Amino acid sequence: MTIYSPMAAKETNIAPMINAALRTDHASVPIREVEGITYPTKPAIWDNWFPFAYIAFKRLAHGQIRSFATIGTGPGADAIGAYCAFPELEKIVITDIDEQVTQIAKSNVQRYIPNKITIIAGTGNLCEPLRRQRIKTDVIYENLPNIPSANLIAQENQNSKFDATKIRIECSDTVSKYLLLSHYACLLEAHSSLNQRGVVVSAIGGRVPYDLIRTTVESAGYAFLDLVSGFKVQTEPREVITGYAQAESENKVEFDFYDYEKAATILKAHDTIPFIKNNGWRLKKIISRARITAHAALEKFVQDPAVKIGHIVHM
């Protein structure tokens, strides 16, 4: 059993995120997070990815979802949200590439979810823990890093990285250049770990052309469905934007970031916070006037580290 120092570990109540996304009334859903190990939950609800995932889960809940797996779980908030969204759930599988993360997530999930739900934890890359244990599920959710580790700042928080040397697949140059390799690889691997009529929910940052997301999903052998798209602030901006700016230079492409305040002003005329009522294509079109490249976003951040940069979320 691993014991973390009181200063390293903290309790975070994710009930506000669950309630906002699923329209529930949970009083308290505490999870334990460990600095430098688990991906940190942000204080503002819609600065986090997982409330958008909860909405996607809810839109799948009309089917009989009895089993759920999360690839790259972090502290387990995604699995807890799945339990809240899928009333017929019987089995939850949580995985991560880091065993410490997996154990923390398992503890968080067990703390909240009743014993009648089977909880399985596995450590490994992408869907490997599912294959190793011969597990198949109705839903696989992934929110994987996009930036190869070589593009990240040394000794920086590495939550947004992945080791590209561990992914050995053939893909188009476009998928690779736009940093969708981890998602594409997971989609390919997921086929063998899905039940009949199972689905994969991929959380993808909409910094790439919308049609590329569709073609990447379809080329991996799936029907494409835009469950939810939204707009949020870019967290870990120094780490993430620097990685994308480097990829712009190396791959001769441009990524879609946004002047957050300008985009938010535009969206308030069409929608209300958290800006999730439009599909991805429509959302990109609405805020196109606020678009900036990764290089421009990095320049803004260097000039003023307090500046807000935005990006689109697709599920």
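In this predicted model, Arg 59 is partly exposed, with a relative accessible area of 42%. Its place is in helix 2, which spans residues 50-60. Arg 59 belongs to a surface patch of positive charge. Arg 23, Lys 58 and Lys 277 gather there with Arg 59.

Helix 1 covers residues 15-22. Six of its eight residues are buried, so the helix is largely enclosed by the rest of the structure. The buried residues are Ala 15, Met 17, Ile 18, Asn 19, Ala 21 and Leu 22. They pack against strand 1 (9-13), helix 2 and helix 3 (77-85). Arg 23 follows helix 1 and has a positive phi, near 55°. Arg 23 is also part of the positive patch.

Positive phi values occur elsewhere too. Most residues other than glycine have a negative phi. Arg 134 has a positive phi, near 55°. This residue lies in the loop between helix 5 (128-132) and strand 6 (137-142). Arg 134 is exposed, with a relative accessible area of 79%. For Arg 197, phi is positive and near 65°. Arg 197 is placed in strand 9, residues 194-202. Its relative accessible area is 79%, so Arg 197 counts as exposed.

Thr 73 is set in the loop between strand 3 (67-71) and helix 3. Thr 73 counts as buried, at 6% relative accessibility. Leaving aside residues up to four places away in sequence, Thr 73 touches Asp 78, Ile 94, Thr 95, Asp 96 and Ala 105.

Salt bridges were searched for across the whole structure, and twelve were found. One of them joins the side chains of Arg 214 and Glu 218, at 3.9 Å from N to O. Both residues lie in helix 8 (residues 210-219). They are four residues apart, which means a separation of about one helical turn. Arg 214 is partly exposed, with a relative accessible area of 32%. Glu 218 is also partly exposed, at 40%.

Another salt bridge links Arg 291 and Asp 256. Their closest N and O atoms are 2.5 Å apart. Arg 291 lies in strand 13 (residues 291-292), while Asp 256 is in the loop between helix 9 (237-251) and strand 12 (257-259), so the pair ties together parts that are 35 residues apart in sequence.

Lys 300 is partly exposed, with a relative accessible area of 30%.

Key: Residues are numbered from 1 along each chain as its sequence is written. This is a predicted model: local features need pLDDT of at least 70, side-chain atom pairs count only at pLDDT 80 or more; totals for chains, interfaces and linings use all residues. Side-chain values use heavy atoms; hydrogens and water are left out. Patches are made of residues with over 30% relative accessible area and no salt bridge: like charges are joined within 9 Å, nonpolar side chains (Val, Leu, Ile, Met, Phe, Trp, Tyr) within 5 Å. Accessible areas come from the Shrake-Rupley method with a 1.4 Å probe; for residues, only the protein chains shown count as cover. A salt bridge is a side-chain nitrogen of Lys or Arg within 4 Å of a carboxyl oxygen of Asp or Glu. Lys and Arg count as positive and Asp and Glu as negative; His and the chain ends are not counted. The place of a charge is taken as NZ of Lys, CZ of Arg, CG of Asp or CD of Glu. Helices (H or I, at least four residues) and strands (E, at least two) are DSSP runs, numbered from the N terminus. Buried means under 20% relative accessible area, exposed over 50%, partly exposed in between (1.4 Å probe, protein chains only). Contact means heavy atoms within 4.5 Å.
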